[in-house]
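Please keep the sequence and the structure in view while reading.

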Amino acid sequence: MNINKGILIAIAILVLAGGYIFYQGTQNQGSPAPAVTDSSPTASPAESTGSGATAAVKEFNVTGSSFKFDPATITVSQGDTVKINFRNTAGTHDFSLDDFNVKTKVLKADETETVEFVADKAGTFEYFCSVGNHRSLGMVGKLVVE
């Protein structure tokens, strides 16, 4: 009788743990994939939004090096989903875009992180490296949303 009770308790714990892991996975579905496969800026259409309209996904490969970003200007349309594959090539840098609440972790040389957001407001916005005084040393770029 005790063995059956122990097995039932173990199964219940596994089911609860599996449910928790599944729930956490569904909460993080908006997280971007970390892989980068191409080094040139690309743009591709997104899946249908359900209203018959299609939103554009614009993907850019941005590199950070000694106090500069390449490209230094990114232009998208308002409403586009923007995917930034940020690759640090030297030192330690991050990619920060406060106006859209976007920020990578601080990356070491040859590390990459991808961030994604919707450009839901028009204007010109500054992206920058928030490490130390890198921003004041000129490590900035512009996101233009038309």
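## A bridge with a buried partner

In this predicted model, the side chains of Asp 94 and Lys 103 meet in a salt bridge, with an N to O distance of 3.2 Å. Asp 94 counts as buried because its relative accessibility is 1%, and the cut-off for that class is under 20%. Lys 103, with a relative accessibility of 48%, counts as partly exposed.

Another salt bridge joins Arg 87 to Asp 110, whose closest N and O atoms lie 2.8 Å apart. This pair links distant parts of the chain, for Arg 87 belongs to strand β5 (residues 81-88), while Asp 110 sits in the loop between β7 (102-103) and β8 (112-118), the two being 23 residues apart.

Arg 87 has a relative accessible area of 35% and is partly exposed, whereas Asp 110 is exposed, with a relative accessible area of 54%; the latter value falls in the exposed class because that class begins over 50%.

## A bridge between partly exposed partners

Glu 126 and Arg 135 also form a salt bridge, and here the closest N and O atoms are 2.7 Å apart. Glu 126 counts as partly exposed at 33% relative accessibility, and Arg 135 is likewise partly exposed, with a relative accessible area of 37%.

## The overall count

How many salt bridges does the structure hold? There are four, among them the pair of Asp 94 and Lys 103 and the pair of Glu 126 and Arg 135. In general, side chains of opposite charge can pair when their charged atoms come close.

Conventions. Residues numbered from 1 in each chain as written. Predicted model: local features only at pLDDT ≥ 70, side-chain atom pairs only at ≥ 80, totals over all residues. Heavy atoms only, no water. Helix = DSSP H or I, 4+ residues; strand = E, 2+ residues; numbered from the N terminus. Buried < 20%, exposed > 50% of the residue type's maximum accessible area, 1.4 Å probe, protein only.
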